[in-house]
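This briefing covers strand order, helix packing and aromatic contacts in one protein model. The sequence and structure come first, followed by notes grouped by topic.

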Amino acid sequence: MKFEHLPTSNDTQTMIRISGLSQPTLLLHVTDSHMNATDSVEGYGTLSQSYVDYNFDEVETRAHFEKALAFAAERQVDGVALTGDIVNGATVGNVAYLESRLGKLQAPILYTPGNHDWEFPGEPWGEETRQAHVGKFARLAGGDPSFRVLELNGILLIGIDNSTYQITQAQLDFYQAELERGLPVLLFMHIPIYVPSLLKDVLHMWGSPILLNAEDWDAERMVQWQVKPATEATRNFHRLLLDNPLGNLVGIFCGHVHFAHADALSRGSCQYVTKPGFQGGYRVIRLVPAD
């Protein structure tokens, strides 16, 4: 399979030429909007501390999100991919707001959760809390939020929830089976995979290597971020993405680290980190036929 990542003028645009593509395909990628709806019915109001900690403005974040959805509707995009931290907590109000707004889109949606989507104040961070709340996104995710595939114009858009810095064996098996179909694959996840070219900027921004299967964690930082050592499935998944053995992983699209970045991977693939939605970020992905 032949594909080429073409140069663009800014980090809100990605253009990829793919051989055998039947028609041009336009996608919108949004990540890390960190929105919140007042939700006193669950015992607290807004998750206001999140905005204090990260300097978010909840009115502005919603305005940016609405603008992105308006763009998707105006341009009649073929699909919208959201890669997590769209809201801060799976409260009734947050989920209802998302279902209301995303339900008005005409384009199919690929929703992949991030860690802030399912975090709750007072509850320990980790897989137990994720399991308790991530099911609330099932309608948005079209089923199991852990993994999903959306086929558009002969392209596979695959969503994998890696929001605890881990991959399960079931997710790995699912991804391998989809890869073996031989179609071009775009992978959407919340947390970027570790590559050396991204690490320097992540450490500068966060002081810790908050990437999937990063090699630069120390014991103190792992406790601070509540990150556990990578499982065998996580390591194998990371290796599979880097090796790209079938040559049909075209690109990885993610967020989490709150800045835009692009990194070359193997066999012509690239990883794209998209600017966060709370800063007005988004990425327009244009897929064009090579013939």
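The model is a predicted one.

- Helix α8 covers residues 196-206, and Leu-198, Leu-199 and Val-202 are buried in it.
- Seen down the axis of α8, these buried residues fall within an arc of 105°, so they line one face of the helix.
- As background, an α-helix has 3.6 residues a turn, so residues three or four places apart point the same way.
- The cover over the buried residues of α8 includes β10 (261-264) and β11 (270-273).
- The helix α8 lies across β10 and β11, and its direction is at about 155° to β10.
- Gly-207 follows α8 and has a positive phi, near 75°.

**Sheet containing β10 and β11**

- This open sheet has 6 strands in the order β6-β7-β8-β9-β11-β10, and its pairing is mixed.
- The edges are taken by β6 (147-152) and β10, each with a single partner strand, so one side of each has no neighbour in the sheet.
- On average, neighbouring strands of this sheet are turned by 15° against each other, direction ignored.
- Strand β8 (residues 185-188) and strand β9 (residues 249-254) run parallel and are joined by 4 bridges.
- Opposite Leu-187 stands Ile-252 in β9.

**Sheet containing β1 to β5 and β12**

- Another open sheet is formed by 6 strands, ordered β1-β2-β12-β3-β4-β5, with mixed pairing.
- At its edges stand β1 (3-6) and β5 (109-111); each has a single partner strand, so one side of each is left without a neighbour in the sheet.
- From one strand to the next, the twist averages 20°.
- Strand β2 (residues 13-18) runs parallel to strand β12 (residues 283-289), and 6 bridges join them.
- Ile-18 has Pro-289 as its bridge partner in β12.
- Helix α2 (residues 58-75) lies across β3 (25-30), β4 (79-82) and β12, and runs at about 175° to β3.

**Aromatic side chains**

- The whole structure holds 11 aromatic pairs.
- One of them joins Trp-118 and Trp-125, with 5.4 Å centre to centre and 40° between the planes, and is tilted.
- Trp-118 is buried at a relative accessible area of 0%, and Trp-125 is buried at 16%.
- For Tyr-175 and Phe-237, the ring centres are 5.5 Å apart and the planes are at 75°, so the pair is edge-to-face.
- Tyr-175 belongs to helix α7 (residues 169-179) and Phe-237 to helix α10 (residues 232-243), so the pair ties together parts that are 62 residues apart in sequence.
- Tyr-175 and Phe-237 are both buried.
- One aromatic cluster is formed by Trp-118, Trp-125, Tyr-165 and Trp-217.

**Charge over a ring**

- Arg-62 lies over the face of Tyr-97, at 4.3 Å from the ring centre.

How values were computed. Residues are numbered from 1 along each chain as its sequence is written. This is a predicted model: local features need pLDDT of at least 70, side-chain atom pairs count only at pLDDT 80 or more; totals for chains, interfaces and linings use all residues. Side-chain values use heavy atoms; hydrogens and water are left out. Buried means under 20% relative accessible area, exposed over 50%, partly exposed in between (1.4 Å probe, protein chains only). Helices (H or I, at least four residues) and strands (E, at least two) are DSSP runs, numbered from the N terminus. The arc is that of the directions from the helix axis to the C-beta atoms. Contact means heavy atoms within 4.5 Å. Two strands pair if DSSP finds at least two bridges between them. Axes are lines fitted to C-alpha atoms, for helices over the stretch in contact, and angles run from 0 to 180 degrees between N-to-C directions. Rings of Phe, Tyr and Trp (its six-membered ring) pair if their centres lie within 6.5 Å; planes under 30 degrees apart count as stacked, over 60 as edge-to-face and the rest as tilted. A charge sits over a ring if NZ of Lys or CZ of Arg is within 6 Å of the ring centre and within 35 degrees of the ring normal.
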